[in-house]
Amino acid sequence: MIRKILTATLLVAMPVMALAQPVPLGAIEVMSGPNAAYGTAIKAGLELALDEVNTKGVLGGRKIELIVEDSAANKDQAINAARKLIGRDKVVAIIGPTLSNEMFAVGPVTNERKVPTLGTSTTASGITDIGPFIFRTSLPESDVVPVTIKAAQAKGVKTVALMYANDDAFSKSGFDVMKAAAEKAGLNILAIESFGSKDADFSAQLTKIKALKPDAVGISALVEPVAGVLLQAKQLGFGKQTLFFGGNGSNSPKLGEIAGAAADGMMVGSPWFVGKTADNNAAFVSAFNARFGKMPDQFAAQAYDAMKIMAGAIDRAGSTEGEKIAASLSKTDFTGVMGPFQFTEHRDPATAAGVVVLVMQSGKFTIAP
Amino acid sequence: MLAQQLVNGVLLGATYSLFALGFTLMFGVLRVINLTYGFYFSAGAFVALWLTKQMGLGIWLALPLGAVAAGVVAVAIDWLLLTRLRWRPTAELDSLMVTLGGVLALYSVMTAWLGPDIRRLPPGLISADALVWGGLRVTMAQLLILGATIVLVSALLALMRFTRLGLAIRAMAEKPDAAGLMGINTARTSALVSFLSGCLAGAGGVLIGLNFNAIQPYMGESMMLRGFVVIIVGGLGDIRGALIAGLALGVIEVLTAGYVASGLKEAVSFAILVAVLWTRPQGLFGRAVVRRA
């Protein structure tokens, strides 16, 4: 009799315990080193969305516990972080890593362990080719850059010089896309120059480009070197007749903060913009600003949506099994601050409808006229 | 275009020389490979950033104050990390490992404290207009770096040659034990060299931060690699060597990027480093000037 009561109590208690137990979710982001700005923004976006998700919880009221690991922009450290998250923390899925470079290292590991992995900022081509458990919510550059180049052509650009950071997968793949898009658009490419992403001096490359007098200069790199290029271009006497445009890396308010007036006129295509006029976007921007005391950037917005997409997928999966979450992720139909979102069969974002072309004016991005 | 590229090269080279001055001084005298040097560079830039942004000082006050602050930081950190090692027979290797660990810890703490963002000194601090002369363009910040490098090299050489402190430093560089026996306060002289070298790093950080507008905790780290090339090619402890090697490195890098391929810029500098170590490990210009001057 007593045994029966005990068993009955256990049977009743077990679902309650499962209810109370949080669902561990991992994130691997660059939290230290020169690229930490991206990881910091992403973490903020994830946390903001997490608070909203956890008011209701997933799988019938279980909270999501977010465990953020620092990759320090280092592939080995990113792999170790993934192993730790999967092995010790038993995470059901992983958001990140921040850089495409890191995803190419981490993706094969998580894919083999069948842990759904959702990149929020990995825009290089070939990311989702890693395997069926690798997803991304970030629009690949190949969807965004052609929109920018079209806007440049509308301003009369016919010849172009391209510059890119040659030591970073994101910048190199962005350059490949930019070159292909420029060729497809019929632009005449006069020169291609590279630099290192930690370089501070670009005078040799810019002097060479200036002598060729291109209508426009396209730059594929992270925001810090892009700001350096623009500042030095100004020093070397590039005038308003040369239009500068950039890839996804240039799309950060930091560009205006660092380069100031030297960045004026810079054109960038963006999957998201802080001044986008949609109700949910305005609410997100003010909530972010209230909590972190600064404006969100594109990376924070992408992360914010990604957390909600992931939480939705876990909830709909009705399970914490990787295969079920992956299946549920691929059926996502969501409208977030980035706009309407679905995955393609290949686990990439399905639409580029939300892309806006922005222009720098007095150190701030505005929507191009 | 060649003329402008040569100007670009000399100006870039001046930043390398400026950075390497204190580094080579520290090595020549203290015989320790001090990797925390890059941190003093970052520290100087951040102090100047704070002085100009928060306290509203101009560059002519922020520059010396930033330099002195970096010097004080250098004395404290060197004392903490290196005092125990200085008399060990394997001091050079030990100091390399200790300061490698130390500098990574310092950069991380600085990033955690101040954030990883790139900042810049206030735009109006120095005129951003370029001086144009027959198609050549040079900015005020670049001229300031070139001028500061020349002044600092001359001042250092004069200090080494004509002052009692210089004599003490040279004696210590030659034979620390004998210098101590001759009544030179070696602990105080070491601290002074740390201070001088920290000041040079700090001044470099302020000026280079002013020119490239990229102040962030890890800014010293990327300069250290170039700093190594300069002090090895110029000769460890050789002040004039650092000046010449820095300028040469800048010109070679710019010409490589401008006329060969921009992707090979770094490959060339490090190939030179390897070639010099193979053929003239004492540096292109012979023995250490700190010891000889």
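## Contact between the chains

In this predicted model, 27 residues of chain B are in contact with 28 residues of chain A, where contact requires C-beta atoms, placed from the backbone, within 7 Å. On the chain B side, α1 (2–30), α4 (91–114), β2 (136–139) and α10 (239–260) of chain B each supply at least two residues. The largest share, four residues, belongs to α1(B). Helices (H or I, at least four residues) and strands (E, at least two) are DSSP runs numbered from the N terminus.

By type, this side of chain B holds 11 nonpolar, 12 polar and four charged residues. Ala, Val, Leu, Ile, Met, Phe, Trp, Tyr, Cys and Pro count as nonpolar, Asp, Glu, Lys and Arg as charged, and the others, including Gly, as polar.

## Domains of chain A

Chain A is assigned domain 1 (2–139 + 278–337) and domain 2 (141–270 + 355–367), with bounds from an automatic or database assignment. The C-alpha centres of these two domains of chain A are 32 Å apart.

In chain A, 14 residues of domain 1 are in contact with 18 residues of domain 2. Helix α4 (residues 100–112) of chain A gives the largest share of the domain 1 side, three residues. That side comprises seven nonpolar, six polar and one charged residue.

## Confidence and numbering

The predictor assigns the complex an ipTM of 0.83 and a pTM of 0.75. Chain B has an average pLDDT of 88, and 97% of the residues score at least 70; pLDDT is the predictor's confidence in each residue, from 0 to 100. Among the elements of chain B, helix α2 (residues 37–53) has the highest mean pLDDT (94) and helix α12 (residues 289–292) the lowest (54). Where pLDDT is low, the predicted coordinates should not be read in detail.

Local features need pLDDT of at least 70 and side-chain atom pairs count only at pLDDT 80 or more, while totals for chains, interfaces and linings use all residues. Residues are numbered from 1 along each chain as its sequence is written, and chains are lettered from A and ligands numbered from 1 in the order in which they are written.

Terms used: Contact = placed C-beta atoms within 7 Å.
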